[in-house]
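Readers may wish to keep the sequence and the coordinates open while reading.

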Amino acid sequence: MQERKIHEEKVLVSAFSSLYTDQRIEKVCKTLFDNGYSIDLIGNDWGGTKKWNARTHSQE
């Protein structure tokens, strides 16, 4: 397994779409995280959508 570089930069991802159904947001955030970036995700809580289980990742 390749060792992950850890960057000091933090990326802020903002989405207008539902975070529960938009797989593009998950793909972008996973790619950034896998490349060592710290990510903050901001999105909407659309009424009537299923609750989203936040994924936690550690950069240790």
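## Terms and basis of the model

A residue is called buried when its relative accessible area is under 20%, exposed when that area is over 50%, and partly exposed in between, with a 1.4 Å probe and protein chains only. By this scale Ser14 is exposed, at a relative accessible area of 59%.

The model is a predicted one, in which local features need pLDDT of at least 70 and side-chain atom pairs count only at pLDDT 80 or more, while totals for chains, interfaces and linings use all residues. Residues are numbered from 1 along each chain as its sequence is written, and side-chain values use heavy atoms, with hydrogens and water left out.

## Confidence

The predictor's confidence in each residue is given as pLDDT, from 0 to 100. The protein chain has a mean pLDDT of 77, and 67% of its residues reach 70 or more. Where pLDDT is low, the predicted coordinates should not be read in detail.

## Overall architecture

Helices (H or I, at least four residues) and strands (E, at least two) are taken as DSSP runs and numbered from the N terminus. On this basis the protein chain has 1 helix and 2 strands, and its elements follow the order β-α-β from the N terminus on. Of the 60 residues in the chain, 15% are buried.

Two strands are said to pair if DSSP finds at least two bridges between them. Strand β1 (residues 10–18) and strand β2 (residues 38–44) run parallel and are joined by 6 bridges.

## The strands

Within the pairing, Lys10 stands opposite Ser38 in β2, and Val11 stands opposite Ile39 in β2. The exposed Ser14 lies in strand β1. Ser14 and Gly43 are 29 residues apart in sequence, yet their C-alpha atoms are 5.9 Å apart in space.

Asn44 belongs to strand β2 and counts as partly exposed, at 33% relative accessibility. Asn44 and Leu19 are separated by 25 residues in sequence and by 7.3 Å in space, C-alpha to C-alpha.

## The helix

What span should the 12 residues of α1 have? The expected span of a helix is 1.5 Å times one less than its number of residues. For α1 this should come to 16 Å, and the end C-alpha atoms are 16 Å apart, which agrees.

The buried residues of α1 are Ile25, Cys29 and Phe33. Seen down the helix axis, these buried residues fall within an arc of 60 degrees, so they line one face of α1; the arc is that of the directions from the axis to the C-beta atoms. The face turned away from this buried side carries the exposed residues Gln23, Arg24 and Lys27.

Glu26, also found in helix α1, is partly exposed, with a relative accessible area of 40%. Glu26 and Leu41 are 15 residues apart in sequence and 9.9 Å apart in space, C-alpha to C-alpha.

## Polar contacts

A polar contact is a pair of N or O atoms within 3.5 Å; within protein, one must be able to donate a hydrogen and the other to accept it, and residues adjacent in sequence count only if both atoms are side-chain atoms. Asp22 lies in the loop between β1 and α1 and is buried, with a relative accessible area of 9%. The side chain of Asp22 makes a polar contact of 2.6 Å with that of Ser17 and a polar contact of 2.9 Å with that of Arg24.

Thr31 is found in helix α1 and is partly exposed, with a relative accessible area of 43%. A polar atom of the Thr31 side chain lies 2.9 Å from the backbone oxygen of Lys27.
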